[in-house]
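Please bring up the structure and its sequence, and let's walk through them together.

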Amino acid sequence: MKAFVNLPTENELTFNAEEYSDISEMRSLSELLGPYGMKFLSESLMWHISSQVAELKKLVVDNVEVLTQMRTSFDKPDHMAALFKRLTCAYHVLKRMTIIGVILSFRSLAQEALRDVLSCHIPFLVSSVEDFKDHIPRETDMKVAMNVYELSSAAGLPCEIDPALVVALSSQKSENISPEEEYKIACLLMVFVAVSMPTLASNVMSQYSPAIEGHCNNIHCLAKAINQIAAALFTIHKGSIEDRLKEFLALASSSLLKIGQETDKTTTRNRESVYLLLDMIVQESPFLTMDLLESCFPYVLLRNAYHAVYKQSVSSS
């Protein structure tokens, strides 16, 4: 069962999220709104994501010099540590990316519900659209592929590249910044997220909960945010999505491996829970593979991390 859930807090809650966001409720919403209403809902959600990305780009510009050096120094641990101390607002970058991930997760639920509803009403048409999407040749022109993705998205089908997100982020292009500079900012945004991930381990709320299959502070939503934002940005700037995600994975793996050597328990209290993010990012991505992850990050660490978080959940229950 997929749904948003409330975590227990001291404050009294006005409503239970799971009563409004489970799959049956989302199907009912899809029935009420119809395909055009769901499209409008998606566009509204994308506007919120677009505003978050605009703020993220400002943070990248403020740190552009340091990030440029970090991008090429991930194999120099001492130099990376010195550069990281010069970074500002790493917490805000992860916070905004998490918000984007939560919005995208809600939209994914809504799209899944729309697909279920349309499959009941027009099964032959939905299956034809799905077959069409699944058999686009890799060498297809991107404009043609985006038209197919737009059709698929309207039917509630998940796409490698989200057409609504591409449209929303395309509107951000500034006349004062060259396309090359925009592309560099997009690359450095991925670098910023990758090198900031170790800071999550010190947060007491970063603990992974097997019961809800997620982290208590929603950082599991980073997996969806990283993959979809990267796919949209590098489609807009005509870059290689796969190459940029490989670079992200190398930087994130290198950064997270360093916290394995830390002795301060406060900075590594949820180290194992944060390690799981790498696995989630790869599982979520159509462009990355587990073989690639294992070449950057030992699988034995992931296996031990899963064992540790499940053991911890049993002992605390």
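Predicted model: local features only at pLDDT ≥ 70, side-chain atom pairs only at ≥ 80, totals over all residues.

Let's begin with a pair of helices. Two packed helices are described by the angle between their axes and the distance between the axes. Here the pair is helix H2, spanning residues 23-62, and helix H9, spanning residues 179-196; their axes come within 9 Å and cross at roughly 90°. Angles of 65 to 115 degrees count as roughly perpendicular, and therefore H2 is roughly perpendicular to H9. On the H2 side, the contact is made by Leu-56, Lys-57, Leu-59, Val-60 and Val-61, while H9 brings Glu-182, Ile-185, Leu-188, Leu-189 and Phe-192. Sorted by class, this contact has eight nonpolar residues, two charged ones and no polar ones.

Stay on H2 for a moment and look for Gln-52, which is found in this helix. Is Gln-52 buried or exposed? Its relative accessibility is 14%, and because buried means under 20%, Gln-52 counts as buried. Leaving aside residues up to four places away in sequence, Gln-52 touches Arg-96, Ile-99 and Ile-100.

Next, turn to the pockets. The largest pocket has a volume of about 1500 Å³ and is lined by 46 residues. To find its centre, look for Lys-2, Ser-105, Ser-108, Lys-224 and Glu-284, the lining residues that lie nearest to it. Helix H5 (90-121), strand E2 (214-215), helix H10 (222-236) and helix H12 (271-284) are the elements that give two or more residues to this lining. Which of the elements gives the most to the lining of the largest pocket? That is H5, with nine residues. By class, the lining of the largest pocket divides into 23 nonpolar, 13 polar and ten charged residues.

The second largest pocket has a volume of about 900 Å³. It is lined by 41 residues, with Met-146, Glu-150, Pro-163, Ala-164 and Val-167 lying nearest its centre. At least two lining residues come from each of H2, H5, helix H6 (123-134), helix H7 (142-154), helix H8 (163-170) and H10. Here we meet H2 again: it supplies the largest share of this lining, ten residues. In the lining of the second largest pocket, 24 residues are nonpolar, ten are polar and seven are charged.

Terms used
Residues numbered from 1 in each chain as written. Heavy atoms only, no water. Axes fitted to C-alpha atoms, helices over the stretch in contact; angles between N-to-C directions. Helix = DSSP H or I, 4+ residues; strand = E, 2+ residues; numbered from the N terminus. Parallel < 35°, antiparallel > 145°, perpendicular 65-115°, else oblique. Contact = heavy atoms within 4.5 Å. Nonpolar A, V, L, I, M, F, W, Y, C, P; charged D, E, K, R; others polar. 1 Å grid on protein atoms, 1.4 Å probe; cavity = no way out; pocket = protein on both sides within 12 Å on 5 of 7 lines; lining within 4 Å. Points joined across faces, edges and corners; volume = space filled by probe spheres on them. Buried < 20%, exposed > 50% of the residue type's maximum accessible area, 1.4 Å probe, protein only.
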